[in-house]
Each structure stands twice: as C-alpha cells, then as structure tokens.
Amino acid sequence: MNMNRRFFLRASAVAGGGFMLSLVPELKAQGFPGAQQALLPKDFISIAPDGTTTLVAKNQELGQGALNLLPMMIAEELDVDWKAVRIVRSGVGPQYGGQITGGSSATPSNWEPMRRIGAAARQMLIAAAAQTWGVPAEECTTASGVVHHPASNRSLTYGELAAKAATMPVPQLPSLKLKDPKDYKIVGKSTAGAETKQILTGKPIFGIDVTLPGMLYAAFEKSPVVSGRVVSANLDAVKSLKGVKDAFIIEPEFRS
Amino acid sequence: MVKLSINGKQRQFDGDPDMPLLWLLRDEFDLKGTKFGCGMGLCGACTVHINGEPARSCVTRAADVAGKSITTIEGLSPDGSHPAQAAWDEIDVPQCGYCQAGQVMTACALLKKTPKPTDAEIDSAMAGNLCRCGTYVRIRAAVHRAAELSSSATMARKATGASVRGNNEVAK
C-alpha cells in the first residue's frame with residue numbers, strides 16, 4: 001500500500017476518532033460519579049501529627065506530571081500548604097478507580113474526584129475541630145493546614161486534628177462545595193517534580209528497575225514478516241548458554 | 001575474568017565477556033540508574049563514563065572495559081550534590097526522567113572539558129542524548145547553571161579550602 005500524505009491524514013482521523021471513543025469507558029472508570037467503587041479520603045490522604053500530609057498519586061507518571069497533578073488537586077481542596085505535602089505512588093488497586101495516564105485523560109477525569117476527596121477530608125477535619133470546641137462546623141474556616149474558629153479566636157492544626165478527624169463520618173462526595181477557582185493557591189502553579197531527586201541519583205523507580213525473587217527475563221525475537229513461522233532455531237545451543245533456563249518457539253496465533 | 005573499577009570500587013565479572021557493560025552494571029552489580037533505551041547506541045540513555053569519557057554502555061562489551069574505571073550516575077556524588085545534579089534539581093529538568101541519568105553523565109563530561117560552554121557547545125555535546133518528554137530547553141539551562149555552580153564552588157574552595165559539597169549548598 002502506498003502510504004501517501006492523504007492516506008496518512010485519513011488514517012490519523014480514524015485512529016483519532018477511535019481513540020476518543022475508547023476514552024469513554026476510561027473516563028467513566030476514572031471519573032466521579034459513575035465510578036464502580038466510591039473513592040475514599042483514607043486511601044488518598046494521611047496527615048501526621050506534625051502536619052506532614054502524605055498524598056497518594058494514583059495514576060502513573062509518564063512525564064506528563066500526573067504524579068504531581070492529582071495530589072495538587074487534593075491539596076487544593078484540603079487547604080494545606082504545598083510545602084507540607086509528600087507525594088507517594090499508590091500501587092494498583094480497585095480503591096483507586098482508573099489509573100491510566102494517557103490520551104490526555106488523567107487530568108480531566110480526575111479533576112472533580114480528586115478535588116472532592118480533598119474537600120471531604122477538609123470537612124472531616126472541620127467536623128473534628130467543631131466537635132472539640134463545641135461549636136457549629138459552619139463557623140469554622142481553614143487555611144494552610146489549620147482549622148480556625150474566628151468567633152472564639154481558636155485554632156487547631158490538621159496534625160492535631162487528624163486522629164479525631166479519621167473517626168468522623170465521610171461526607172457524601174457530591175454534596176461538597178468546591179472552591180471558587182479565583183481562590184486557588186496550588187492549582188495553576190508550577191510545582192517541583194515529586195521524584196526529581198530520585199531520578200537524578202539513579203534510584204530504581206522505573207518498571208525496568210524492578211526485581212523480584214526468582215524473577216526471570218524473557219527475550220522475544222519477532223518474525224520480520226507478518227504471520228511468519230519459524231523454519232529452524234538452534235534452541236539446544238541457546239539453552240546451553242550460561243544462565244538460560246529455557247528457549248522455545250511461539251507459534252503464531254493468526255495465520256493468513 | 002574481567003576486572004574493572006565501578007564508582008571507585010574494584011569489581012570482577014566472570015560471565016560472558018561479550019555482555020554489554022549496561023547489563024553488567026544493571027544486572028550483575030545492581031546499579032539500576034543507567035538505563036536501557038535502544039540497545040544500539042542511538043539514544044544516550046545508557047551513557048556512563050569510561051576513564052572519564054562519556055560512552056554508550058549498551059554497545060560496550062564487558063571485555064572492552066577490563067582494567068578501566070567506570071562512573072555511573074550513582075557514583076557522581078554520594079548524595080546527589082554534584083553541580084550537575086544540583087543544577088538539574090534546581091531547574092527541575094526531568095519529566096518522566098528515564099533519559100536524565102544519561103543526560104547528566106554527558107553534561108558532566110562536557111563540563112570537565114569545557115567549564116563554560118556556549119549554547120552551541122552544549123547543543124553539540126548533548127545532541128546524542130534523546131528526550132521523549134522534550135526537556136531540551138531545561139537541559140541547556142541546567143548545563144549553564146551547573147557551570148556556574150562548579151565555578152563558584154571552585155572559587156570558594158580556593159578562597160576558603162572548603163569542600164565542593166558545602167559550597168554547592170551555599171550556592172543553591
């Protein structure tokens with residue numbers, strides 16, 4: 001087939017359209033509402049007594065900044081100082097919803113859920129403070145990791161409130177009021193890469209760096225032609241090499 | 001048997017002498033900082049120093065580094081305080097970060113020979129190190145910054161006799 005420019009453009013349009021369609025279930029899976037499992041603040045936020053706030057980045061980092069972006073959304077509504085935030089990777093689990101970074105989906109699909117997670121935790125911290133002081137929650141405000149009660153001039157840090165806040169009921173996420181964008185302190189700002197220091201000192205943070213006990217490496221020699229079949233292979237010679245456990249031929253599944 | 005020095009430690013290897021240095025570093029000596037990119041010496045992700053010269057470890061045989069001295073990203077400094085690492089950190093160069101160990105190693109080799117490189121000298125020296133995220137503009141800025149940190153550290157050391165590391169922290 002002659003892959004001329006015109007054909008290329010048409011193929012791209014089809015591929016692009018197909019990709020957009022494939023994003024729909026992805027958005028649903030990552031998004032809120034409609035996620036198969038409700039996202040919970042406890043899976044994303046932990047606050048130490050000294051105020052250090054550990055936020056979980058649930059989507060993979062591929063260079064787009066997902067490792068920062070999602071925690072930034074949480075931190076914004078949680079109302080903490082970004083300097084108090086530590087970012088950790090989530091690992092994989094159904095409690096995190098969709099975890100794919102790709103197709104420009106990670107930011108839009110997590111934009112609302114992550115902010116609501118942060119807002120829910122903030123409300124639980126306020127509830128803990130209000131209960132401690134015996135005042136209505138509506139009279140409390142927050143700023144940079146502190147709950148204030150202006151009427152009585154009292155304050156408690158998130159660190160001081162964290163243990164009690166964890167026992168407060170988790171609010172209904174859709175009911176939460178989110179910040180007006182004009183009040184954003186973190187979203188829209190540039191933040192330093194969460195793993196920059198590890199990258200620059202060669203720490204084993206990439207998939208290729210993972211080693212597990214008894215792990216073997218596989219190398220796959222692909223046929224240079226579609227549906228090609230192996231004519232001959234020196235498997236015994238390969239198997240006799242030091243460290244080689246096995247060598248075998250994989251027959252093609254589809255043949256023309 | 002291949003004997004060599006890796007990050008100042010004497011090491012030996014009695015496996016296949018044709019094994020690329022990259023896998024010697026990663027699999028035999030568990031130094032995962034050096035990355036596999038293309039395996040053909042085309043992308044620069046696997047760059048290390050051999051006797052101080054930048055080299056592509058993926059196309060360098062173990063036998064060819066016998067008796068030589070290898071430096072990897074892990075061996076640049078004990079704590080990430082080498083001027084290039086400090087500059088890369090300050091400018092927050094990495095995005096995904098996969099190519100950056102190679103970028104830093106190439107930049108260090110450039111700075112050793114050319115302490116104050118021009119944009120053109122940086123572009124020329126760094127041309128063989130590819131970055132899919134496209135961090136080239138920050139890489140160039142970081143090389144300039146590393147040159148500044150190196151020279152201020154050198155001047156301060158001459159003036160006070162203090163260590164490079166201490167002065168980098170002051171410079172930051």
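Predicted model: local features only at pLDDT ≥ 70, side-chain atom pairs only at ≥ 80, totals over all residues.
Residues are numbered from 1 along each chain as its sequence is written, with chains lettered from A and ligands numbered from 1 in the order in which they are written.

In chain B, the axes of helices H3 (residues 100–113) and H4 (residues 119–126) come within 10 Å and cross at roughly 130 degrees; H3(B) and H4(B) are therefore oblique to each other. Helices here are DSSP runs (H or I, at least four residues), numbered from the N terminus. Axes are lines fitted to C-alpha atoms over the stretch in contact, with angles from 0 to 180 degrees between N-to-C directions. Gln103(B), Thr106(B), Ala107(B) and Leu110(B) of H3(B) meet Ile122(B), Ala125(B) and Met126(B) of H4(B), contact requiring C-beta atoms, placed from the backbone, within 7 Å. This contact has 5 nonpolar, 2 polar and no charged residues (Ala, Val, Leu, Ile, Met, Phe, Trp, Tyr, Cys and Pro count as nonpolar, Asp, Glu, Lys and Arg as charged, and the others, Gly among them, as polar).

Between the chains, the contact takes 23 residues from chain B and 18 from chain A. On the chain B side, helix H2 (83–91) and H3 each give two or more residues. The predictor gives the complex an ipTM of 0.90 and a pTM of 0.83.

How values were computed
Parallel < 35°, antiparallel > 145°, perpendicular 65-115°, else oblique. Contact = placed C-beta atoms within 7 Å.
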